[in-house]
Amino acid sequence: MGTKFAAAIIVLSSLLCGSFLVSGQASESWRHQLREEAQQCRLDRLSARPPSHRLESEGGVVELWDESEEEFQCAGVGAVRIIIRPNSLSLPKFHSSPMLFYVEQGEGVVGLNYPGCPEIYEAESGEFSTTPAKRRGRAVRGVRDQHQKVHRVRRGHIVAVSAGTVEWLHNDGNKDLIVVAFMDLNNEANQLDHQIRSFYMAGGASREGRQEGRGSEYLVNIFNGFDAELLAEAFQVPRDLVRKMQQGSSREGLIVKCNEEMSFLRPDEQEEELSSRNGVEETVCTRKIRYDMNTHKESDLYSREAGRVNIVNEHKLPILRFLGISAEKAHLFPNAGYNLHWSMTDHRLVYVVEGEVEVQIADDKGKQVFNERVSRGNMFVIPQFYSTMARAGPKGAEWITFKTSNQPRKSPVVGYTSVFRGLPQQVLEQAFQISPREAQDLKQARRQQSFLLPPFSGSRK
Amino acid sequence: MGTKFAAAIIVLSSLLCGSFLVSGQASESWRHQLREEAQQCRLDRLSARPPSHRLESEGGVVELWDESEEEFQCAGVGAVRIIIRPNSLSLPKFHSSPMLFYVEQGEGVVGLNYPGCPEIYEAESGEFSTTPAKRRGRAVRGVRDQHQKVHRVRRGHIVAVSAGTVEWLHNDGNKDLIVVAFMDLNNEANQLDHQIRSFYMAGGASREGRQEGRGSEYLVNIFNGFDAELLAEAFQVPRDLVRKMQQGSSREGLIVKCNEEMSFLRPDEQEEELSSRNGVEETVCTRKIRYDMNTHKESDLYSREAGRVNIVNEHKLPILRFLGISAEKAHLFPNAGYNLHWSMTDHRLVYVVEGEVEVQIADDKGKQVFNERVSRGNMFVIPQFYSTMARAGPKGAEWITFKTSNQPRKSPVVGYTSVFRGLPQQVLEQAFQISPREAQDLKQARRQQSFLLPPFSGSRK
Amino acid sequence: MGTKFAAAIIVLSSLLCGSFLVSGQASESWRHQLREEAQQCRLDRLSARPPSHRLESEGGVVELWDESEEEFQCAGVGAVRIIIRPNSLSLPKFHSSPMLFYVEQGEGVVGLNYPGCPEIYEAESGEFSTTPAKRRGRAVRGVRDQHQKVHRVRRGHIVAVSAGTVEWLHNDGNKDLIVVAFMDLNNEANQLDHQIRSFYMAGGASREGRQEGRGSEYLVNIFNGFDAELLAEAFQVPRDLVRKMQQGSSREGLIVKCNEEMSFLRPDEQEEELSSRNGVEETVCTRKIRYDMNTHKESDLYSREAGRVNIVNEHKLPILRFLGISAEKAHLFPNAGYNLHWSMTDHRLVYVVEGEVEVQIADDKGKQVFNERVSRGNMFVIPQFYSTMARAGPKGAEWITFKTSNQPRKSPVVGYTSVFRGLPQQVLEQAFQISPREAQDLKQARRQQSFLLPPFSGSRK
């Protein structure tokens, strides 16, 4: 993981190479400068941005953040936002890296497919059932449809998907279903490169729908990589059916509008929550993959004045231990603050869900590399070890933070459990050349708070 | 491991740099294109190939696949084929990465050397023994020769060798002994680079024997890196002997023809198999390192119509847990198929041992990146997540697959435990815009088979 | 970890690119050569060197080894030497990688700050205490100063510091306190790049103090990355105090001379040693972080004729299991040797503490890549798998070796537990084309010794 920056380093070294192409300096000097520069990942100008690419489909839109931007490459992360219209289906696909997706708006049904897990759910049945009396399957030729577990998701849920696992998402609500997916491209489960690689089982993006600069290749489903004849013989299905698989819905893109009502079984939510807590050991098939980031009952940090933070980690969602990632959601009241701190363990990718937040980030040289008011729909990277502080705007702010570690640890500078509290007073006095009283002021500053700070006036009036 | 592609990325970005040297475009446009391209590992034209280099020795031949080929670099793997003539010795050496070697032909004796393990075997004794009565050592100055364990290997065996472990191989059979070694260059046990690095304890390749393009350096054994005088003093042996170690057999290359019959102790095979199953905890010294990939008794997949697959993983050969690699051997009947699937966990390096197999591979964009009939002696890479399907030729096929994971998992598309079976029928209908009956056809296709498909006619007549 | 060399590879490939800029060869040939060269990390000319950069401060000097030198990049390591004058303080800071620091001279007090650990030590108290009667704190406004644990260190101690952990060091002795810090930049705890990144909580290096070639940026403490107004509001402290934090001591650099005597609590050493052995499970807060590399009681290798070696690994200092690093200290008598061997597991960074040592290193091609008499204050890299042998100078030698593995394993070539002992005699005969007697000589050479060799005459008279 220490090599997260390899690709970005290459970009930099190559850019350097490019600039020398232009400036034409002698190779000796060039060689020297290269040695000085090549091994570093410049992260001295970060910025927040909305998605840079858009792929329109009949049933919705896929929006991508460009993972080749330096800070995304440096952190080895990628992000996609998917907008699914009512009664539309984000087609089955898998990705080359583990990911978390957050439901920003709406509700729907998600299916994850694990090879080897039983198909014990039946369509058109209102509840989970294996008793014949309750079976009212959507029969074709007398065969009731059985499939793997599906999960209901709604606003505030986060869903964990492992690399190579087929996943699909259906909007059965009344308004657009919006999910934001965060990917850990540098995860050890991904032995491929730092590109976002989506392998679709159906559909395909039309050439028109692809923005320029993302390559001229036509993205189609994986069946197009095989001879229709071979597939038909191998699967023992009509060649005509194989052709439909290959080309059938490519005009619709990656999200299709359904031409009938979908009727998957939807397990009762409460029942599901209960079963996940009753101590039965999880297998890969029964593993909980969903967590409600908006729950009030289990906030990890709560301040009556400042707001709350909900964390999802390997303790709350054990699959994260295997995926090596985690997340937190902050909900801050107007003008409340998030204390100065750094992450000891991970890069972070932050997406603002509501309101506006003023964020400052400093690098190892004490340089300010980020100072923006970030509004809803924008995303930014906080590199590991970089110090950061935030303050909600006049209407408060909500954001979701994706972390490239399953055991994230943060170190706050002032307040409860902070660095200043842990340092001997004399060290503070000598370090800052300040009086004993001033040193005590620093040690006692915000002594009741750790991360959430009550509203205060900001630097800009 | 997410950075397996770093080196290959560099090649690509540098090539890009090179091409711009020629085309002389402006640096701004160059910078933009670079950002688009640099972070990716192009794997859009794979091919099967025989070894590209040959090092002749008196006692045999070392053949290398060029690990700098893009797909080898991308997968972080390397491969070597060694042909050892009767009564010849592949000299003691170690490698910078863990490896599995497969015995393609012949039989012989292999020795692995673990520092700190006891020398409890004696030469010229027909069996393992520590009782004095049985000691009939090849005595010099009254000292019987004691050495570490040696292992008999024959056609179909696979042997696991950890990084930095000295290994030698002697052909005591009547025909050439041929082994194919697969190396996981990107393994975490290798902190060096993605080159195949062989450290020889004896011998050396003559300049003539080295093919062009592999660098002009003379490969000699490690003792040549030290002053003879210093070695002689340090080891307290005659300087003359040190000179022999350094230069003595360099004319013979890397495999020497023995000038007498070898008489290592060969532990009874059955006894060895038994002892490895009797529940005694393995130590690094007693660890089983060999597995028979041709055993009929323990096939993991078996089909009376299609053939069989033997897998060796950490459960069958626990050392693989530490090495992070595994393998499988497929034996397919004429025209039988290997189902469409992708690997969720690893890159694969496939070597065809017998017959011919037609293989197709598709990338994430649905592009066909490989479509070849691969015959005996050729090797190809299947990148992680890339879908693949295979069909044996008219005479059947056998191949051995090396995997860069100790817990490999594959996801089949149709058939038993497949993606299609796990998906709700309605999702299939909407995804492919097909009828309920067609969706059921896909769900029920090959329902009795998982990976092995009975013979079918292929795409090419 | 197999990608330790990514950055260095880039340097090489880019250099190649640069040279072609000059030579103007055709891109096809260039492409070919690139493929041959790009994926390798040349390590064919190693050298020992003193630090290359110096940052003067009022209270001492920070000296850096240039981590962009090829061998440092290849091994993914960095090193810094800090000289702290009496009653001076190396300011609180943290680093982007785990590190070990070795106390070369003097004594002092070190503080490590773990977020969430209790502040149970009180200043100006002669012992650890929580009973009110013993509290004689340095009160300000009636508040006694409480802080986290501090540790006494002196010559020969090694201290383990995890990535992101704030650490400070005060010299309370009479002579300069000198520590050498070894950093594992490629460690998985560091998701940033292969630069040495120090994040200071106070102070800053003046522009004058920075050597050329290290970039023109001014290194200041992290508070400079935030608006003073925002910090003052967030911390609820006077803006004037924030300004002092940001700029106050930047003139003094990174080590400040204290203007009064420091009086941290210093836990009784013996008590600390005892408590760390009494079987209480370690938590992150009580974890032992210090080990005496000069202890005679616990030498791992001892020879009355040759000297001794003290190893610190995860068994002696359990925190190393989490940090993935370890170290050993060798103390050789005049002209004694360190046997020919290679490391199976790690790169090594060697720093000579006393005397002089003659070292030879060979690469995989049998080429001598290092042959130097290394004297006090110099450092060199031994790449993983490269064979090496050493011999102390006429006055003996002491050196400290940092290793990029928490489970280091070495393989010696001759002597007890060696490769030669483990090989069948006949293999040696055939490999070197030597007589049975000579083969026995090699097997029996240095049979009483493993790594430490009694004094012998060297290669240079």
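Visitor: Let's start at the hairpin in chain C: how many residues join β1(C) to β2(C)?
Guide: Helices (H or I, at least four residues) and strands (E, at least two) are DSSP runs, numbered from the N terminus. Two strands pair if DSSP finds at least two bridges between them, and β1(C) and β2 (residues 60–64) of chain C run antiparallel with 5 bridges. The hairpin connecting β1(C) and β2(C) passes through 2 residues.

Visitor: Before we go on, what kind of model is this?
Guide: Residues are numbered from 1 along each chain as its sequence is written, chains are lettered from A and ligands numbered from 1 in the order in which they are written, and side-chain values use heavy atoms, with hydrogens and water left out. Local features need pLDDT of at least 70, side-chain atom pairs count only at pLDDT 80 or more, and totals for chains, interfaces and linings use all residues, since what you have here is a predicted model.

Visitor: Which strands stand at the edges of the open sheet in chain C?
Guide: This open sheet has 7 strands with antiparallel pairing, in the order β1-β2-β3-β12-β5-β10-β15. Neighbouring strands are turned by 20° against each other on average, direction ignored. Each edge strand has a single partner, so one side of it is left without a neighbour in the sheet; the two are β1 (53–57) and β15 (290–292) of chain C.

Visitor: Further into that sheet, what is the bridge partner of C:Gln105 in β12(C)?
Guide: Strands of a sheet pair through backbone hydrogen bonds, either parallel or antiparallel. Here β5 (residues 99–105) and β12 (residues 177–184) of chain C run antiparallel and share 6 bridges. In β12(C), C:Gln105 is partnered by C:Ile178.

Visitor: In chain B, which residue of β10(B) is the bridge partner of B:Tyr102?
Guide: Chain B has an open sheet of 7 strands with antiparallel pairing, ordered β1-β2-β3-β12-β5-β10-β15, and its twist averages 20° from one strand to the next. Within chain B, 4 bridges join β5 (residues 99–105) to β10 (residues 157–161), an antiparallel pair. The partner of B:Tyr102 in β10(B) is B:Ile158.

Visitor: How are α9(C) and α10(C) oriented to each other?
Guide: Axes are lines fitted to C-alpha atoms, for helices over the stretch in contact, and angles run from 0 to 180 degrees between N-to-C directions. Helix α9 (residues 425–432) and helix α10 (residues 436–444) of chain C pack at about 115°, with axes 9 Å apart. Angles under 35 degrees count as roughly parallel, over 145 as roughly antiparallel, 65 to 115 as roughly perpendicular and the rest as oblique. That is why α9(C) and α10(C) are described as roughly perpendicular.

Visitor: How many residues of each class does the contact of α9(C) with α10(C) have?
Guide: Contact means heavy atoms within 4.5 Å, and C:Gln425, C:Leu428, C:Glu429 and C:Phe432 of α9(C) meet C:Pro436, C:Ala439, C:Gln440, C:Leu442 and C:Lys443 of α10(C). Ala, Val, Leu, Ile, Met, Phe, Trp, Tyr, Cys and Pro count as nonpolar, Asp, Glu, Lys and Arg as charged, and the others, Gly among them, as polar. By class, this contact has 5 nonpolar, 2 polar and 2 charged residues.

Visitor: Which residues of α4(A) are buried?
Guide: Buried means under 20% relative accessible area, exposed over 50%, partly exposed in between (1.4 Å probe, protein chains only). Helix α4 (residues 228–235) of chain A is mostly covered, with 6 of its 8 residues buried. What covers them includes α5 of chain A and, from chain B, β19 (337–343), β20 (348–362), β23 (387–403) and β25 (452–453). The buried residues are A:Ala228, A:Leu230, A:Leu231, A:Ala232, A:Ala234 and A:Phe235.

Visitor: And what is the relative accessibility of B:Asn87?
Guide: B:Asn87 sits in the loop between β3 (77–84) and β4 (88–95) of chain B. Although not a glycine, B:Asn87 has a positive phi of about 50°. B:Asn87 counts as partly exposed because its relative accessibility is 23%.
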